[in-house]
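Student: I have a new model on screen and would like a guided look. Can we go through it by question and answer?

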Amino acid sequence: EPAALVLVDGDERGVTPTILTVAVGVHQVEVRHPGFAPWRQEVEVAEGVQQFLEVSLRPPYPEVRLDRG
């Protein structure tokens, strides 16, 4: 699967998979990939603590099929 773009607080920070260093505090993390709805989450970062985020991107709209009867 091709890499997805990773943004932290609105700034592009790399592509998946990645390891990022960010300041202590609350950050908005977003992952984007063409053809999928963006994934967003607020993450609180504590000093000296590593966090692992597992992201599952989904299609932008649920699929609905109608058959004529």
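**Sheet and pocket**

Tutor: This model is predicted.

Student: In which sense do β3 and β4 pair, and over how many bridges?
Tutor: β3 covers residues 25–32. One of its residues, Val29, has Gln41 in β4 as bridge partner. The pairing of β3 with β4 is antiparallel, over seven bridges.

Student: Which residue in the hairpin of β3 and β4 takes a positive phi?
Tutor: Six residues lie between the two strands of this hairpin. The phi in question is near 90°. The residue is Gly35.

Student: What does β1 pair with over four bridges?
Tutor: Look at Leu5, which stands opposite Arg32 in β3. The sense is antiparallel. The partner of β1 is β3.

Student: Which strands stand at the edges of the sheet, and why is one side of each left without a neighbour?
Tutor: The open sheet has four strands in the order β2-β1-β3-β4. An edge strand has a single partner, so one of its sides has no neighbour in the sheet. The edge strands are β2 (11–15) and β4 (39–45).

Student: By how much are neighbouring strands turned against each other on average?
Tutor: Direction is ignored here. The average is 30°.

Student: How many nonpolar residues are in the lining of the largest pocket?
Tutor: This pocket holds about 900 Å³ of space. Its lining has 30 residues, with Thr18, Ile19, Leu20, Gln51 and Leu53 the closest to its centre. β1, β3 and β4 each supply at least two lining residues. Eight of the lining are polar, two are charged, and the nonpolar number 20.

Methods: Residues are numbered from 1 along each chain as its sequence is written. This is a predicted model: local features need pLDDT of at least 70, side-chain atom pairs count only at pLDDT 80 or more; totals for chains, interfaces and linings use all residues. Side-chain values use heavy atoms; hydrogens and water are left out. Two strands pair if DSSP finds at least two bridges between them. Axes are lines fitted to C-alpha atoms, for helices over the stretch in contact, and angles run from 0 to 180 degrees between N-to-C directions. On a 1 Å grid over the protein atoms alone, a cavity is a set of points where a 1.4 Å probe fits but cannot get out, and a pocket is an open set with protein on both sides within 12 Å along at least five of seven lines; lining residues have an atom within 4 Å of a point. Grid points are joined across faces, edges and corners, and a volume is the space filled by probe spheres set on the points. Ala, Val, Leu, Ile, Met, Phe, Trp, Tyr, Cys and Pro count as nonpolar, Asp, Glu, Lys and Arg as charged, and the others, Gly among them, as polar.
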